[in-house]
Each structure stands twice: as C-alpha cells, then as structure tokens.
Amino acid sequence: MKINQTVLEEFILVGFSVYPHAQTFLFVVFFCLYLLTLTGNLTIMSLTWVDSRLHTPMYLFLSALSFSETCYTLTIIPKMLADLLIKHRSISVIGCGLQMSAFLGLGGTNCLILTLMGYDRFLAICNPLRYPLLMTNMVCGKLVVSAWVVGFFISVAETGMIFRGSFCSPKLIKHFFCHMRAVVRLSCLDSELTEFIVTAISVSALIGTFLIIILTYVFILSTVLKIPSAEGKQKAFSTCASHLIVVIIHFGFASIVYLKPEASEGDDTLIAIPYTVITPFLSPFIFSLRNKDMKNAFRKVLEKTNSLNK
C-alpha cells in the first residue's frame with residue numbers, strides 16, 4: 001500500500017538538479033546539439049521538397065523520419081533546456097500525460113519508419129524489376145501514415161494505463177521528462193503490474209521491429225552476394241549503409257534503457273541522454289553526409305543561392 005494518497009495536480013521533474021554545478025555546461029551542450037539536430041532535419045526535409053530528383057520513396061521515407069524526429073525532440077528538449085535554467089521544474093499532470101503520449105508515439109513511429117526504410121531497400125535490391133510497381137510515392141505515403149497511426153495507438157494505450165488512476169506523494173519524477181517507468185512508480189494503483197505491462201508492450205514493439213529489419217537485411221545480403229561484379233556489390237551496400245548505421249545506434253541506445261536491470265533509485269536520467277539527444281542528433285548527419293544525391297542537391301541549392309546573390 002502506498003501512503004499519502006492525495007490528488008496531485010503537478011509533478012516535480014528532478015532531472016539534472018542532482019548535478020547543480022554542471023547545469024550551465026549541460027545547457028550549452030544540449031542547446032548546441034539541439035540546434036544542429038534541427039538544422040540537419042530541416043535541411044533534409046527542405047532538400048527533399050525542392051529537388052524533384054529526390055521525390056522517390058527512399059527519400060520520402062527519409063524526409064518522413066526527419067519530420068518525426070523533429071517532433072520527437074520538440075516534446076522533450078525545449079522543456080529540458082528551460083528546466084536547466086530555473087529552479088522550479090514542475091509539469092502539470094495533464095501536461096505530463098501529453099508529453100508521455102507524444103514521446104512514446106513518436107518513438108514508436110521512428111521505429112516503424114526505420115522498419116519501412118529497410119523494407120524499401122529490400123524491395124529495391126531483391127525485386128528491382130517490380131520495385132517501381134510495388135513501392136510508389138502513394139504507397140510510401142500510406143505506409144508512413146500507417147506508422148503514425150500504429151505508433152500513437154500504442155502510446156495512447158500505454159499512457160491511458162498509467163494515468164487511469166490517481167498518483168501518490170511524493171510527486172518527484174526522477175527524470176528530466178515524463179518517462180513512463182518513472183511516472184508509473186508514483187501511481188496509487190498496482191504500479192508493479194502496470195509497469196510490467198507497459199514495459200512488455202514497448203520491449204515487444206522494439207524487438208519486433210528490430211527483428212523485421214534484421215530479416216530484411218538477411219535477404220538483402222543473400223541477394224547482394226550473388227551479384228557478380230564488385231562494383232555492383234559496393235553500389236548495393238552503399239544504399240543501405242547509412243540506414244544500417246542509424247538502426248544500430250537507434251535500437252542499441254533504446255535497448256539499453258528498456259532491457260537494462262532497474263537501478264536501485266530508479267534514476268535513469270543519464271542513461272536517457274543517448275536516445276533522447278544523441279540519436280536524433282546523429283541520424284540526419286549520417287544520412288546526409290553519406291548520401292551522394294543529398295550532397296549534390298545541397299550543392300545545387302548553394303550554387304543557385306550564390307548565382308542569385310550575384
């Protein structure tokens with residue numbers, strides 16, 4: 001039984017207050033990373049929009065991922081940056097629920113879009129003749145919308161389970177945002193059962209999408225190895241390299257959070273930084289710097305800008 005079952009109207013985000021002397025430094029670092037993340041994602045979306053050569057499913061999926069990750073960071077980082085500058089780090093119960101639902105929904109959407117990108121590469125390499133018929137821009141759009149619907153359906157279900165009852169004091173969330181496992185421990189209901197269920201759902205979705213991606217790459221690898229020329233093999237691998245790197249980083253950092261043993265104090269603040277700050281920062285630069293078409297499109301935009309200025 002939990003004590004002090006008062007009706008709470010707000011939570012206090014402990015966050016980085018346990019590191020008082022490092023908060024200014026953390027603000028500067030996170031702020032710079034956030035600006036670079038926004039710049040990278042907005043650049044990818046803009047280039048995909050203005051360059052007709054990038055109006056293909058491969059780049060439409062990439063643009064959809066950039067948009068999803070931009071929204072993903074918006075739900076967490078601005079609030080985190082503000083809390084690093086103030087002492088009263090509160091968030092209303094309703095605001096906490098909305099933040100959690102958005103964070104889980106966008107995180108799930110990112111996983112699904114990465115899975116769809118793997119499926120797109122599978123069709124392009126394993127079924128090149130049928131690829132233009134199977135993966136049109138219309139199909140691509142429908143798949144992205146489906147990813148958003150499924151991602152937020154799961155997030156609303158998880159958030160609803162966590163917020164279905166009242167919360168007990170103390171109202172301290174040992175995190176810098178409303179992470180579901182940090183919030184569910186404050187529930188006056190059977191928090192252990194609820195935590196097990198929502199964690200099982202998240203872990204199942206995480207492992208399920210990762211296994212699908214691995215399966216697609218097994219088929220891709222078997223097809224590429226049959227290509228007789230070394231140049232053909234290198235060209236096929238180059239279209240998948242960036243996606244595979246991002247998948248490893250994304251699912252690697254996420255698995256550390258959801259599959260690790262629980263800390264005695266339940267403080268996962270530092271462990272959450274890689275998948276809330278670092279992964280969204282790395283993703284656009286890995287995709288753009290390793291992509292020849294994206295670099296050519298950027299160079300073309302710069303040339304047009306310079307010619308107009310002259």
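1. The second largest pocket is lined by 23 residues, and those nearest its centre are Leu104, Gly107, Gly108, Cys111 and Leu206. A pocket here is an open set of points on a 1 Å grid over the protein atoms alone, where a 1.4 Å probe fits, with protein on both sides within 12 Å along at least five of seven lines, and lining residues have an atom within 4 Å of a point. The model is a predicted one, in which local features need pLDDT of at least 70 and side-chain atom pairs count only at pLDDT 80 or more, while totals for chains, interfaces and linings use all residues. Residues are numbered from 1 along each chain as its sequence is written, and side-chain values use heavy atoms, with hydrogens and water left out.

2. About 390 Å³ of space lies in this second largest pocket, a volume being the space filled by probe spheres set on the points, which are joined across faces, edges and corners. At least two lining residues each come from H2, H4, helix H6 (137–162), helix H8 (191–224), H9 and helix H10 (269–289), with H4 giving the largest share, seven residues; helices are DSSP runs (H or I, at least four residues) numbered from the N terminus.

3. The largest pocket holds about 560 Å³ of space. Its lining has 24 residues, of which Met58, Arg121, Lys235, Ser238 and Thr239 are the closest to the centre. Two or more lining residues come from each of helix H2 (57–74), helix H4 (93–126), helix H9 (230–259) and helix H11 (292–309), and the largest share, seven residues, belongs to H9.
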